[in-house]
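Here is a short briefing on charged side-chain pairs. Look over the sequence and structure first.

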Amino acid sequence: MSLIKLEGISKIFGFGDASSLALDSISLNIDKGEFVAVMGPSGSGKSTLMNIIGLLDKPSQGSYMLDNKYVARLKPNQAAKIRRDTIGFVFQSYNLLNRLNIINNVSLPLVYKGVSSSRRLKLATEILDRVGISEKEYFYPNQLSGGQLQSAAIARALINNPKLIIADEPTGNLDSVSSMLIMELLTEIHRAGNTIIFVTHNPELTRYASRVVYMKDGSIVQDEVTPYGQIAKTAKLLLRPSLMKSDEDNLAGVSVLMKTIDRIDKTSKTKKQKKSSRRKK
Amino acid sequence: MKSSVLISHFKLSLDIIYNTRWRNFWTILGIVIGLSSVIMIIAIGDGIKQQVNYQLNDSSSHNKFVIQPKSINQPDSKSNFVTNLENISPSGSLNYLDVAGLNSFKGVSNVAPYSILRTKIIGTVSSYKSGVVVGTNQYLNNYLSLSVNAGSFIDQPGNPINSAVIGQNLAEKLFGEITPLGATVNINGSPFIVEGVLNPVTNIPFSQLVDFNNSVFIDYDAAQNISSNNAFVYQIFMTINTNKNSVVKSLQSHLDEINGNQSNTLITTLSGISYNSKRTLDLLTRLISFVAAISLLVGGVGIMNVMLVSIAERTHEIGIRKAIGATNRQIIFQFLVESAILSFVGGIIGIVLSYLIDLFIILSTSVKPIITWQLVVFASLISIIIGLIFGSIPAIKAAKKLPIDSLRSS
């Protein structure tokens, strides 16, 4: 059964001569439990599509059915309630409130639902434990690394137990190690039964997806199902030979390299710990 | 809306207000000044009105009448504000002939002329070139609330005709003591014996009555004698118990006849004159309150400005909040709480400030402003309403944006 059903969705920005077509009558079905990667060059309309699916923006034309409800022409307050209860949004720039500490940031959607303070904290603690940053509960966003911030943002998206998680370039601001961690986290969430749509520029990350949608100039140009753990065929064409490095590249920024090694060490340790704990369970 | 939402909005607003306290300080200052000036003006007006009521003894009584020169008292509903102001100061006086024969006029009793003579007063310690001498009789006490601290009022049985009662301030200045009973005060060359000293009197600001604390009260006839009938009669108080209308009519025609058929006197009830001065005060209070209300309005606009800036700064935050499920109403509510807190704090400080100004005015002038609890409640309500009205405009503006538009701004 399809969770998302887009039919002839168009989005026009601007007026008159200055108008541009960001989405050109897109039709797309996404079933429950899919893990969809959306790829495409800048300006191809990926983010606009995500915003429309996430009810942050309204399409200029077309119909959108989310969880058997037509949602393209909802009133602002109804849309807000669906955003709150059905959709979890993860942004490239995390979009956490700097004024609030992590646990309050994560529990913020519950505030708007009217959940009591003690229950909010309990749920937020649980979810932070699930994403693996429970020890950072009372830190402020400016005290955390990018990966930790994105984990917190995912925790916030998860807190209302949404059916759909939309991630607009969740790893765009992260280094490769953190990216992998975040993708692992999303995979775990996907295994728990959530439908996930994510936008990425990185062909490597199509490994995690069950389906890859390619966009160009506001249209979907290709849509392929890909086995889990493999880079999608079309994405492979985009893959740059990033492993080839010159000697100069290796010499440049030794200190940075050292740090990376350090971090890899740590993360591999935590991964091992996680794996071992899973085994115990 | 559930209480947990309210509490979390409240906490957040306090946090935000604290973080931008310098900007908020100036905003609050606008409300403080506006509110305290409104409170002070209303309080001063109330205070003066109460003092008028206090000095005109039992002014609500319908038996008590007063004869005045006509130009002082024209209760004309059409007269505008400016002519009312002119009417505050007396521009004419009654003739001494008016007083003569009133005592024996049918239906009239307890006649108390109120005449003022400015002349030389000599005591033992100091003297005045142009002191205030009030020529009246024992009935004056029925109309004005004067009380004797020591001794007795003039014209009591057994008192000599040349007895005098003096105000406490004057007693101290003339004789160097508060109760100079039996001392001789020389008024315009004639000796008078001090028979009594008044209690301190609260003076009415802007009133045509003189400062009783610095006056000598002597018998009306004696006053006319020593000044060869030159004591100005400003008012004649009297009591008419029965047939009020007909007595007043015949009295009026009697007075007109004395004055050569020119009707330049007017008979009104005692409450009439306090009504008139109250009406003038009301007009004044209203005018100044209007000016003060404008400053309150400016304070409100200040709050609106701060909220506009604050919201512009936080558009991105609004976008995030909407993206995770805040409804428009919840966003508006958040900012309303913030502006309500701002204006409420401004209101509280304004009220405290007006109490301080009140204290200062009481200590330094004869005006006694009255700040009632109703006024305080009214003022706080006004300040919160201003905050809500001026806060809601930017809040609604902020909430109406599409979430993605808010998110894009940084």
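Glu317(B) and Arg99(A) form a salt bridge, with the closest N and O atoms 2.7 Å apart. Glu317(B) lies in helix H10 (residues 315-323) of chain B, and Arg99(A) in the loop between strand E6 (87-90) and helix H3 (102-113) of chain A, so the pair joins two chains. The model is predicted. A search of the whole structure finds 13 salt bridges over all chains.

**Between the chains**
- Glu317(B) counts as buried, at 8% relative accessibility.
- Arg99(A) counts as partly exposed, at 29% relative accessibility.
- A network of salt bridges links Arg99(A), Arg314(B), Glu317(B), Arg321(B) and Glu338(B).

**Within chain A**
- Arg211(A) pairs with Glu34(A) in a salt bridge, the closest N and O atoms being 3.1 Å apart.
- Arg211(A) sits in strand E9 (residues 211-216), and Glu34(A) in the loop between strand E2 (20-31) and strand E3 (35-39), so this bridge ties together parts that are 177 residues apart in sequence.
- Both Arg211(A) and Glu34(A) are buried.

**Within one helix of chain B**
- Asp405(B) and Arg408(B) meet through their side chains in a salt bridge (3.6 Å, N to O).
- Helix H13 (residues 403-408) of chain B holds both Asp405(B) and Arg408(B), three residues apart, about one turn of the helix.
- Asp405(B) counts as partly exposed because its relative accessibility is 38%.
- Arg408(B) also counts as partly exposed, at 47% relative accessibility.

Terms used:
Residues numbered from 1 in each chain as written. Chains lettered and ligands numbered in written order. Predicted model: local features only at pLDDT ≥ 70, side-chain atom pairs only at ≥ 80, totals over all residues. Heavy atoms only, no water. Salt bridge = Lys/Arg side-chain N within 4 Å of Asp/Glu carboxyl O. Helix = DSSP H or I, 4+ residues; strand = E, 2+ residues; numbered from the N terminus. Buried < 20%, exposed > 50% of the residue type's maximum accessible area, 1.4 Å probe, protein only.
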